[in-house]
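Please prepare a briefing on the structure shown below, with the cut-offs behind each term stated where the term comes up.

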Amino acid sequence: MDNHILQEAARTYNTPCYIFDLDVFISRIRRMEQILGKQVNIYYAMKANPFLTAAAAQAAGGLEVCSPGEYAICRRARVPAQKIVLSGVNKEESHIRSVMAEQGAGTYTAESLNQLRLLEACAGAAGRTGVRVLLRLTSGNQFGMSEADVTECIRDREKFPHVTMVGLQYFTGTQKKVMKKIAGEVEYIEDFARRLEKE
């Protein structure tokens, strides 16, 4: 993006204004794919910037959506349902029901045992089976489930015939730059996954 483009934008839209270089945004996603390898799918968290939704939907593996407003933006941008992970600690039953009615999300997160029960009830009411769910493991804050709750959900999976637990979500925060801390968190979740598999 050169000064000519910036000056033209300032004349056209006045200042201050936001200008996004979509080529740079997409190239960063591609670079992350090269670094992480093909076994990793990159998902864009819409709350970071909803203006990049359409570009992210084309370049990334999918989008994490945390509110009805973000979901509406995805639908207007024609983001394929299978690319949407409906996340968030405050999912409301009416919104989950409407999303499931139009099969508008490929995966859902369960942030608590109650949320897993709610997803099961909504899937049953919609006559859906195999609804993909990620169980959110807490990183020590107030969000997500304890190890014991996650283990209980998996152990009692027959009680949730309309959902399929496909993995864990483990979010520990943003703006992390200390590799030792990141490595420790990855080792923790891998160890927990191994213990779950053994149990």
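**Briefing on the predicted model**

Arginine 97 is partly exposed, with a relative accessible area of 36% (partly exposed lies between buried, under 20% relative accessible area, and exposed, over 50%, with a 1.4 Å probe and protein chains only). This is a predicted model, in which local features need pLDDT of at least 70 and side-chain atom pairs count only at pLDDT 80 or more, while totals for chains, interfaces and linings use all residues. Residues are numbered from 1 along each chain as its sequence is written, and side-chain values use heavy atoms, with hydrogens and water left out.

**Overall build**

- The protein chain has 8 helices and 6 strands, where helices (H or I, at least four residues) and strands (E, at least two) are DSSP runs numbered from the N terminus.
- Followed along the sequence, these elements give the pattern α-α-β-α-β-α-β-α-β-α-β-α-β-α.
- The C-alpha trace of the protein chain spans about 60 × 45 × 30 Å along its principal axes, and 35% of the 199 residues count as buried.
- Among contacts (heavy atoms within 4.5 Å) in the protein chain between residues at least 6 apart in sequence, 51% join residues at least 24 apart.

**The surroundings of arginine 97**

- Arginine 97 has its place in helix H5 (residues 93-101), and, leaving aside neighbours within four places in sequence, arginine 97 is in contact with Cys122 and Ala125.
- Arginine 97 and arginine 28 are 69 residues apart along the chain, and their C-alpha atoms are separated by 35 Å.

**The sheet**

- An open sheet is formed by 6 strands in the order E1-E2-E3-E4-E5-E6, with parallel pairing; two strands pair if DSSP finds at least two bridges between them.
- Strand E1 (43-45) and strand E6 (163-169) stand at the edges with a single partner strand each, so one side of each is left without a neighbour in the sheet.
- Neighbouring strands of this sheet are turned by 30° against each other on average, direction ignored, with axes taken as lines fitted to C-alpha atoms and angles running from 0 to 180 degrees between N-to-C directions.
- E1 and strand E2 (residues 62-65) pair in the parallel sense over 3 bridges, and tyrosine 44 stands opposite leucine 63 in E2.
- In a regular strand the side chains alternate between the two faces of the sheet.

**The nonpolar core**

- The largest nonpolar core holds 41 residues, of which Leu63, Val65, Met100, Tyr108, Leu116, Val133 and Leu135 touch the most other members; such a core is a set of buried Ala, Val, Leu, Ile, Met, Phe, Trp, Tyr and Cys residues joined through side-chain atoms within 4.5 Å.
- Helix H6 (residues 113-125) supplies the largest share of this core, 6 residues.
- Not counting residues up to four places away in sequence, valine 65 touches Met46, Glu70, Tyr71, Cys74, Ile84, Val85, Leu86 and Ser87.

**Aromatic rings**

- The structure holds 4 aromatic pairs, counted for rings of Phe, Tyr and Trp (its six-membered ring) with centres within 6.5 Å, where planes under 30 degrees apart count as stacked, over 60 as edge-to-face and the rest as tilted.
- The rings of tyrosine 18 and phenylalanine 20 have centres 6.1 Å apart and planes at 10°, so the pair is stacked.
- Tyrosine 18 is exposed, with a relative accessible area of 71%, whereas phenylalanine 20 is partly exposed at 31%.
- Tyr18, Phe20 and Phe51 form one aromatic cluster.
- Lysine 47 lies over the face of phenylalanine 171, at 5.6 Å from the ring centre, under the criterion that NZ of Lys or CZ of Arg is within 6 Å of the ring centre and within 35 degrees of the ring normal.

**Backbone details**

- Most residues other than glycine have a negative phi, and most peptide bonds are trans.
- The peptide bond from threonine 15 to proline 16 is cis, with omega near 0°, and proline 16 has its place in the loop between helix H1 (3-13) and helix H2 (22-36).
- Asparagine 14, found in the loop between H1 and H2, has a positive phi of about 70° although it is not a glycine, and counts as exposed at 53% relative accessibility.
- Arginine 78, in the loop between helix H4 (68-76) and strand E3 (84-86), has a positive phi of about 60° although it is not a glycine, and counts as exposed at 74% relative accessibility.
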